[in-house]
Every structure is written in C-alpha cells, then in structure tokens.
Amino acid sequence: MAKNMLLFLSVITMTFSFEIKHICKQTGARYGVLHTEHGDVETPIFMPVGTLASVKYLSPEDLYAMGSGIVLANTYHLWLRPGPDVIKQAGGLHRFMNYKRPLLTDSGGFQVFSLAERRKITEEGVTFKNHLDGSKLFMSPEKSIELQNAFGADIIMSFDECPPYPCSYEYMKESVERTTRWAERGKKAHQNPKQALFGIVQGGAYEDLRKLSAEALVKIDFPGYAIGGTSVGETKETMYKMIEYSTKYLPEDKPRYLMGVGSYDAIIEGVLRGIDMFDCVLPTRIARHGALMTSTGRINIRDKKYEFDFSPLDAECNCYTCQNYSRAYLRHLYKCEEGFVKRLLSIHNINFLLNLTKEIRQAICEDRFGDFKEAFFHKYGLNVTNPRGF
RNA sequence: GGGGGGAUAGCGAAGUGGCCAAACGCAGAUGACUGUAAAUCAUUUCCCAUCGGGUUCGGCAGUUCAAAUCUGUCUCCCCCCA
C-alpha cells in the first residue's frame, strides 16, 4: 500500500530530467539516466520504432523481455489513423498501446522527407497529400505539438524539415532558418509540462549551418536536442561530421538524440561523439526481409547455406530466438512465409542493438569504451560482408 | 476401332517461318533497406565465358538462305464417339 502511494506520488511529481552519471575517461563518452514519468532509462540507449503504436510483430512483453526502454511512435501516421480523438479517449498513447515504459513521438518532420513527392512546404507548415486517400492535410508546428500533446508521449519532437542529401547551401540555409522558426512556434504551442519537447538540429553537412541551427535552438532552450537530417543517403564519414558539427554547439548537460541511426558501427561512432539516444527502423525492417545482425557480421537467413544449419543465428546471443530456434528452422519459416518468423527475427535484431547499447554503457562506466570499440570493430572487421557495416 | 487436341527452360504458360536462348507467372539463387506509404525493392536462373561463344522448344528424318514455328514419321498424354 505504501509502495503504491509512493509510486502514485512519484507519478504526479516526476517531470523529465537528464543526469550524466559517468564520463568515460578513455573516450569522453557519456553514461546517463533519463528520468521520465514512465520510469528511468539509462543512456546511451537504442529506441525501437513503433510507428503506428506497435513495434511491428512485437508485443510489449517481447520488448520488456529484451530490456527495451523508450519506444517511438509517429505523429503523422497516428494523426491519419486512428486519429487523436481515439488515442485521447483511450487515455493516451501508453494505455492505448499498452506500453508501460517511456514513449517518444516523432513530429512528422521525417515525413516531410520520406513523403516528399506528396507535400508542399510553406512558411506556415506542410501540406501533405495523404497517402491513404489522397486528401489534403495541413501540418504546422502548432498542429504537430497539439497532436503530440494529445498522444501524451514522454518525449515529443519539434516539427522540422528533414532536408534531402545532397542539398544546396542556399536551400539548406532557408530550410534551417524555417525549421528554427518552427521550433520556436512549437515551443510556444506546447501545453503539457510533463512532456519534454526536444529541438532538432539541421544543416546537412554544412558546418556553419549546423552551428547556426544548434545555437538558435539552444537559445530557445529545450530539455534535449536531436540531430536530424542524418541517414538520408550521405556516407558514414559525412554523417560523423554532421554529428561533430552539431554536438559541438550543444550543452553538455542535455541529452543528445541522433535520429534515424541504427547500424551498429554508427551507434558506436555516435556514442564516441557524445550521442545518448538512437532510434532506427533498420533492425525491424531488415529482420522482416531476412537480414540479421550477428556478432560475426550480417547474415541473410534466406541463403541456401543455412538449409542444414542447426546452430542459432548468433552463438553469443541471449535472445529468445537464439535460445530456442535454429537457422535451418528460421530459414524454413522464412521460405514458407510463416508470419512467426517476422517476430522471431525482429526479436533478434532488436535484442542485438539493445544488448549493444547495454555493453556500451558498461564499457563507459568502466572507462574502457575505446577498447570496446576497437575489439568490436576488429571482430566485425574480420567477418563483415557489408562495407557499410550492417 | 473411329475422331479430335496436345507435348516449349525446375513447374505453369506465351510464342505458330527470320526481330527467339525464347514473353509472363511461380519456384530457385543473391543483394539492398537507417526519425517505416516497406511481408518492400533490385539483380539473377540452358551451358561455358570478360567481350563473346556453344547447345535447346518430345524423338528421328526432311523442306528452306533461315524452323520452337512448315512436312513426314515415331513415342507419350488428354478428350469425345463406338
């Protein structure tokens, strides 16, 4: 009873905060804790993506079992279906999707990029030609925040434009300035103090524009900052520069979230450059397409060489799939298009990245993240089949 | 016994004298996917090879400059009549 009371009190009093607990003496990488209304999560963290209020093919229990913390959902897609009224009436996104740990909603800014063919940008906002029925929809910074307030995720994102790569300097400058104005408008519109609104640094690969963007956002003052416009076709080297150009101008004591990045090498390189949070559809999407991340490189379960392979996907993996099923069985299910395989493979890839970030946190706490990186890359370097490092 | 139809690459199925190593679907073999319009997309599958070459369209024998396509014949399959 007393415990419940305490929990209740903590729920009504707890607001968002970030605490850096340790800085790796070897690399300067950060280990921290995000405090949210739905519990604490340690950083660096990988956040699985559940666009439509579900991490495809996985249950909340699957996610808890893997130690998942924050999960993402998407404002644009939930706006279309089921719409804010349903989620509001359900008692918020947490209750609606039955996820008890922290949630983060993306603003719809990524859809400005991914649905570029079907939208028009103006100073006021973005007009989308709805991909479901073709009807016109208008998303403004205020609308995005209003929706996100209705959904009630612990962390919400500023409505931005995720510009393409490559992108001309002139366009990028215009875009960054507009995204900055949108960030300001969004902050003004933000109603729920329990939700932490993050700003998003843009500027592509232009150092001065990243600086311009970061400094302007810091001036507006957000409880956390994201780095956007990454993983949109640029090389890894360019992405690492984008990170450096951005983090340089961000306050040390606020969380930094690298948006849309989820290959294991980029996560390690990101942490090395001071990133605390990552999200990516990569593990779930490639899993559905038969590709798995393993401790000895990437494999594709479709391949004939696994026909009689009764070993697990990854001998070092502790996930449910690797503990119970063989490559031969998973290949069989994949070949026969049995839906179960999508769950099993998704579990493995999500677990792989959650486990990777867990090992990263340990290494940081023990001041050996540099050694960890070297050992990790060495191991992968010997076996990796994909030069991009998946 | 009589009449009709058919045999094309792993399977199904187009093609009915040159533009055919042969459409398309399935199946097979690979690859890609990074704030999810994604159970999607791309490549590839007769043989050898880098260009290129060599064997194919039930078998055999013909006609023709040229045949998967025309003729004869054989084998097998299906349908109808008795």
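Is Cys24 buried or exposed? Select Cys24: at 2% relative accessibility, Cys24 counts as buried (buried means under 20% relative accessible area, exposed over 50%, partly exposed in between, with a 1.4 Å probe and protein chains only).

Before moving on, note that this is a predicted model, in which local features need pLDDT of at least 70 and side-chain atom pairs count only at pLDDT 80 or more, while totals for chains, interfaces and linings use all residues. Residues are numbered from 1 along each chain as its sequence is written, chains are lettered from A and ligands numbered from 1 in the order in which they are written, and side-chain values use heavy atoms, with hydrogens and water left out.

**Cysteines**

The structure holds 0 disulfides, a disulfide being a pair of cysteine sulfur atoms within 2.5 Å. For Cys24, the nearest cysteine sulfur is that of Cys365, 9.2 Å away. Next select Cys317 and Cys319. The sulfur of Cys317 has its closest cysteine sulfur in Cys319, at 3.6 Å, which is too far for a bond. Cys317 is also buried, at 9% relative accessibility.

Go to strand β3, residues 39–43, which includes Thr43. Helices (H or I, at least four residues) and strands (E, at least two) are DSSP runs, numbered from the N terminus. Thr43 has a relative accessible area of 0% and is buried. Show its contacts (heavy atoms within 4.5 Å): leaving out residues up to four places away in sequence, Thr43 touches Phe18, Arg30, Tyr31, Gly32, Val33, Leu34, Asp276 and Arg361.

Then select β5, residues 71–74. Val71 and Ala73 point one way, Leu72 and Asn74 the other way, and all are buried. One bridge to locate joins Ala73 to Thr105 in β6.

Select α11. This helix is largely enclosed by the rest of the structure, because 8 of its 9 residues are buried. The buried residues include Tyr264, Ile267, Ile268 and Val271. Just after α11, Gly274 takes a positive phi of about 90°.

End at Arg273, in the loop between α11 (264–272) and β14 (277–280). Beyond its neighbours within four places in sequence, Arg273 contacts Tyr240, Ile243, Glu244, Thr247 and Arg256. The side chains of Arg273 and Glu244 are joined by a polar contact of 2.6 Å (a pair of N or O atoms within 3.5 Å; within protein, one must be able to donate a hydrogen and the other to accept it, and residues adjacent in sequence count only if both atoms are side-chain atoms). Finally, show Ala29: Arg273 and Ala29 are 244 residues apart in sequence and 7.0 Å apart in space, C-alpha to C-alpha.

Methods: Two strands pair if DSSP finds at least two bridges between them.
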